[in-house]
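Please look over the sequence and the structure shown here.

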Amino acid sequence: MSATLNSAASPPASTSSRFIIGPVADSLLIIGAPLVALIIAGSAFSLPDSVFRGSVQTLRIDLRQALIAIFVNAHLFLVFFRSHANPNIFGMYRLRFVAVPIALLSLGALSPIALGIMGLVAVWWDVYHSSLQTFGFGRIYDSKLKNDATVGRSLDYWMNLLVYLGPVLAGAHFVDHLDNGLTDLQYLTSEGGALSELFLQRTPDFLRQHQTYLTTGILAVGIPFVVYYLYSYYRLQQRGYRVSWQKVWLMIITSAVSIYCWGFRSFIDAFWVMNFFHALQYFAIVSFAERRNLAQVFLTGRFSHGGALAIFWVCLFCFLYGLWAVYAAVGEWCVSLIVTTSLLHFWYDGFIWSVKKKQV
């Protein structure tokens, strides 16, 4: 705790330095991103479905679902511009950036059972990964005030898991989320034996039948933990820890939107909002953190606003991938590539932030 007291003796950070990108960008693209997504979704889903109906060749589509599917896949692909397109990062860990993707891609394409399990892991890893993104933003905001990075870390980690997993597991649409994950295990039905029965029948049936107990357990643990979390930070603040109001508002807004969406909106609405703001935050932070490196990769550094031009090309490539993944990917190898990209995004993202933290 002495480190906290020592950090409190340092001069307070300026207002502008308390933000990651800047006051306006942070307010719209990070802190307020869940509200932005909720407003957009509220407007889109309040209109008649016919407004968003269209067709691509002979395929009937809903433009709202097309947007979120493309946006999600685009943000998943974006991670490769932080790993493979960054010479400093790529040069340090060539094995995990070359051998692992090839191994996963081949495994998923050649084994239906492996592909199904990979898909299920991706669905639930996505929820965990999203919670860690908000956790990371909160820790960055606290670090802007020169706080000890180890103080309050466990509190924030468990609080963010509760904010994301709690409403999903205890919400009205838990069964829908469970079914969405189980669709990735359809490959097990034909050649899974006991494994197929375990994943596709026994486990889902057990969870459906006992969701009431699951909800009760989450509330019984979650409510006391929230009280403990607030009390702990009150005590830390009394001892000199500076609590970032940016982090406070990020947690309040994210928690409120998560509870509201998973508890009171349809599954489609909740899925849309939570994935939209997560992808929006990711594009914002990567564009800010990687703009100089990307300007070197795309040879735009010699131009004025070269960083912005590089970001434009990155976004274009990512959204083209998203469009391909949603409407053009066919066959086991393509499906395996999409699932592999998801898994690598979740793994690489947290890994790269850890490496960059050591480099700073």
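**Briefing on the predicted model**

T300 is found in the loop between α16 (291-297) and α17, where helices are DSSP runs of H or I with at least four residues, numbered from the N terminus. The model is a predicted one, in which local features need pLDDT of at least 70 and side-chain atom pairs count only at pLDDT 80 or more, while totals for chains, interfaces and linings use all residues. Residues are numbered from 1 along each chain as its sequence is written, and side-chain values use heavy atoms, with hydrogens and water left out.

- T300 counts as buried because its relative accessibility is 3%, buried meaning under 20% relative accessible area with a 1.4 Å probe and protein chains only.
- Leaving aside neighbours within four places in sequence, T300 is in contact (heavy atoms within 4.5 Å) with A295, G306, L309 and A310.
- N293 lies in helix α16, and with a relative accessibility of 14% N293 also counts as buried.
- Not counting residues up to four places away in sequence, N293 touches F81, A85, N86 and P87.

- Helix α4 (residues 63-78) has 16 residues, which at 1.5 Å a residue should span 22 Å, and its end C-alpha atoms are 22 Å apart, which agrees; the expected span is 1.5 Å times one less than the number of residues.
- Among the buried residues of α4 are I68, F71, V72, L76 and L78.
- Beyond its neighbours within four places in sequence, L78 is in contact with Y282, F283, V286, V314 and C318.

**The cavity**

- The structure holds one cavity of 30 Å³ or more, a cavity being a set of points on a 1 Å grid over the protein atoms alone where a 1.4 Å probe fits but cannot get out.
- The largest cavity has a volume of about 40 Å³, the volume being the space filled by probe spheres set on grid points joined across faces, edges and corners.
- Its lining, meaning residues with an atom within 4 Å of a point, consists of L78, F283, V286, S287, L294, I311, V314 and C315.
- Helices α15 and α17 (306-327) each supply at least two residues of this lining.

Conventions
On a 1 Å grid over the protein atoms alone, a cavity is a set of points where a 1.4 Å probe fits but cannot get out, and a pocket is an open set with protein on both sides within 12 Å along at least five of seven lines; lining residues have an atom within 4 Å of a point. Buried means under 20% relative accessible area, exposed over 50%, partly exposed in between (1.4 Å probe, protein chains only).
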